[in-house]
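I opened the notebook to go through one model, topic by topic.

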Amino acid sequence: MPGVLDNTVSTEVPGPLSRASAKKLDTFFDARAVHFVVDYDKSEGTYIVDVDGNRYLDVYSQIASIPIGYNNPASIAAAQSPEMLSALVNRPAIGNFPSRVWGEILEGGLLKIAPKGLDQIFTAQSGSEANELAYKASFMLYRRKERGDGVEWTSEEITSCLDNAKPGSPELAVMSFRNSFHGRGFGSLSTTRSKPVHKLDIPSFNWPQASFPALKYPLEKYEAENNAEEKRCLQEVEDLIRSWHCPVAALIVEPIQSEGGDNHASPAFFQGLRDITKKHGVVMIVDEVQTGFGATGKFWAHEHWNLASPPDIVTFSKKAQTAGYFFGDRALIPDKAYRQFNTWMGDAARVIMSKTIIQEILDKDLVGQCARVGEALYAEMEKLAQKYPGYVQNLRGKGKGTYIAFDTKDAGSLVKAMKKLGVLVGTCGKETVRLRPMLIFEEKHIPTLVAAFDQALGEL
């Protein structure tokens with residue numbers, strides 16, 4: 001197996017074998033977004049290997065979704081377990097026919113790391129689906145409160161909903177923020193506001209979007225301006241809730257707007273959001289699909305906010321290697337069975353894998369490691385910002401583990417140059433480079449990453 005600090009590129013990227021493989025794939029599967037074709041058998045830890053034999057330090061982690069590395073021994077053991085074999089061979093319709101160990105799997109895994117105050121869970125198959133389901137739960141709760149607890153549906157509601165008409169299909173809304181990303185389903189896409197390529201040609205709901213704070217950096221220099229900006233955005237949120245053409249049943253927010261440009265806000269801003277949502281009876285959904293599972297130096301990014309009361313719903317996916325949402329108020333469970341339901345309700349096999357990931361994170365204190373390594377990495381990135389002020393701008397993510405990003409003049413060219421040097425990083429927003437290392441990224445990996453940045457930036 002490769003040495004732990006090996007990253008070597010001996011061909012152009014993508015290489016000839018990768019290009020040929022992608023070309024063949026493209027004859028029956030759209031391969032236009034393929035970066036290169038991977039040899040997963042040879043990939044290990046924080047290193048990914050392509051079919052041409054090039055080995056890269058992976059600081060993008062499959063769009064922030066690999067938590068404990070390629071071919072992790074614990075993950076392999078879980079994959080080979082009788083528990084996994086049964087889940088794969090007998091994939092259960094969990095809502096109707098859960099296995100005898102399903103409760104133990106949840107209690108020993110996902111519920112072990114449930115956000116404080118949220119002890120209920122609904123499993124799903126993707127982050128987009130998790131958000132869609134959270135919206136549905138919010139709408140059903142809103143109407144249940146309007147109708148009155150225990151009041152049966154009217155015949156008019158029952159018949160009109162099948163025609164997509166009122167009162168059975170009411171006008172309700174979910175508020176999101178400019179530059180947000182919450183998925184690509186019809187509901188989640190209506191709350192996604194980051195890039196036209198995601199939304200163009202797709203019908204959407206007429207739902208409100210509020211401004212997300214556009215902070216100036218360095219934060220300590222612009223404290224007064226940033227405080228004013230956050231207060232402006234909070235006022236806009238409340239104004240929209242009061243004035244929108246239909247009731248706003250829920251508000252969804254990312255702790256850090258990731259796809260939209262790694263945009264941050266202060267704990268005070270999120271505390272303000274919680275106050276507003278509670279005041280107006282709006283369900284607060286925190287989308288931790290990308291920020292959850294330790295990447296910010298806490299298991300859940302919203303832990304940085306020190307809220308007086310927890311969010312109503314927290315959605316998750318990516319590093320969890322499964323998906324779903326946590327909640328605390330059992331009123332968010334629909335009034336009748338089958339209203340929040342599908343055949344598989346997630347995937348038992350993926351939840352088993354998530355259980356193993358969680359145990360590995362806890363046993364090795366990978367969240368603490370991420371916080372520690374993030375401090376060291378940020379310090380090195382600050383040096384690069386001083387050396388290349390025209391290319392490393394608005395450096396952000398201090399105190400947020402390895403969730404670090406900066407703006408630059410041509411993010412695409414910089415990422416391409418890094419790839420040629422054997423390091424994978426990602427882009428987001430307009431011209432932002434984002435770092436998304438795995439939780440097993442260590443201090444020893446920092447020099448490789450920083451040296452590649454130094455060379456790539458020096459050649460721009």
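Predicted model: local features only at pLDDT ≥ 70, side-chain atom pairs only at ≥ 80, totals over all residues.

My entries follow, grouped by topic.

**Entry: helix 14 against helix 15**

I looked up how helix 14 and helix 15 pack. Helix 14 covers residues 411-420, and helix 15 covers residues 446-458. Their axes are 9 Å apart, at an angle of about 125 degrees. That angle makes helix 14 oblique to helix 15. I recorded the crossing of these two helices as right-handed.

Which residues make the contact of helix 14 with helix 15? From helix 14 I listed Leu414, Ala417 and Met418. From helix 15 I listed Leu449, Ala452, Phe453, Ala456 and Leu457. By class, I found eight nonpolar residues in this contact, with no polar and no charged ones.

**Entry: helix 13 against helix 15**

I then turned to helix 13, which spans residues 366-387. Its axis and that of helix 15 come within 11 Å and cross at roughly 15 degrees. The limit for roughly parallel is under 35 degrees. Helix 13 and helix 15 are therefore roughly parallel to each other. I noted a right-handed crossing for helix 13 and helix 15.

On the helix 13 side, the contact uses Val373, Ala376, Leu377, Glu380, Met381, Leu384 and Lys387. On the helix 15 side, it uses Ile446, Leu449, Val450, Phe453 and Asp454. How many charged residues does the contact of helix 13 with helix 15 have? I got three charged, nine nonpolar and no polar residues.

I cross-checked the two lists for helix 15. Leu449 and Phe453 are in the contact with helix 14. Leu449 and Phe453 are also in the contact with helix 13.

**Entry: Ala379**

I stayed in helix 13 for one more residue, Ala379. At 31% relative accessibility, Ala379 counts as partly exposed. I also took its C-alpha to C-alpha distance to Ile361, which is 24 Å. In sequence, Ala379 and Ile361 are 18 residues apart.

**Entry: aromatic rings**

I counted the aromatic pairs next. The structure holds 21 of them. One of them is Phe212 with Phe270. The ring centres of Phe212 and Phe270 lie 6.4 Å apart, and the planes make 55 degrees. I logged this pair as tilted.

Where do Phe212 and Phe270 sit? Phe212 is in the loop between strand 5 (209-210) and helix 10 (223-243). Phe270 is in helix 11, residues 267-280. The pair therefore ties together parts that are 58 residues apart in sequence.

I moved on to Phe269 with Phe270. The centres of these two rings are 5.3 Å apart, with the planes at 75 degrees, so I logged the pair as edge-to-face.

Buried or exposed? I looked up each of these rings. Phe212 is buried, with a relative accessible area of 7%. Phe270 is buried at 0%. Phe269 is buried at 0% as well.

**Entry: cis peptide bonds**

Most peptide bonds are trans, and I looked for exceptions. A cis bond joins Lys166 and Pro167, with omega about 0 degrees. Pro167 is in the loop between helix 7 (155-161) and strand 4 (173-177).

I found a cis bond from Tyr217 to Pro218 too, with omega near 0 degrees. Pro218 is in the loop between strand 5 and helix 10. Phe212 lies in that loop as well.

**Entry: positive phi**

Ala64 has phi near 65 degrees. Ala64 belongs to helix 2, residues 61-64. Its relative accessible area is 1%, and Ala64 is buried.

Gln321 has a positive phi too, near 60 degrees. Where does Gln321 lie? I placed Gln321 in the loop between strand 8 (313-316) and strand 9 (323-327). With a relative accessible area of 23%, Gln321 is partly exposed.

Notes: Residues numbered from 1 in each chain as written. Heavy atoms only, no water. Axes fitted to C-alpha atoms, helices over the stretch in contact; angles between N-to-C directions. Helix = DSSP H or I, 4+ residues; strand = E, 2+ residues; numbered from the N terminus. Parallel < 35°, antiparallel > 145°, perpendicular 65-115°, else oblique. Left-handed = near helix turned anticlockwise from the far one by under 90°. Contact = heavy atoms within 4.5 Å. Nonpolar A, V, L, I, M, F, W, Y, C, P; charged D, E, K, R; others polar. Phe/Tyr/Trp six-rings, centres within 6.5 Å; stacked < 30°, edge-to-face > 60°. Buried < 20%, exposed > 50% of the residue type's maximum accessible area, 1.4 Å probe, protein only.
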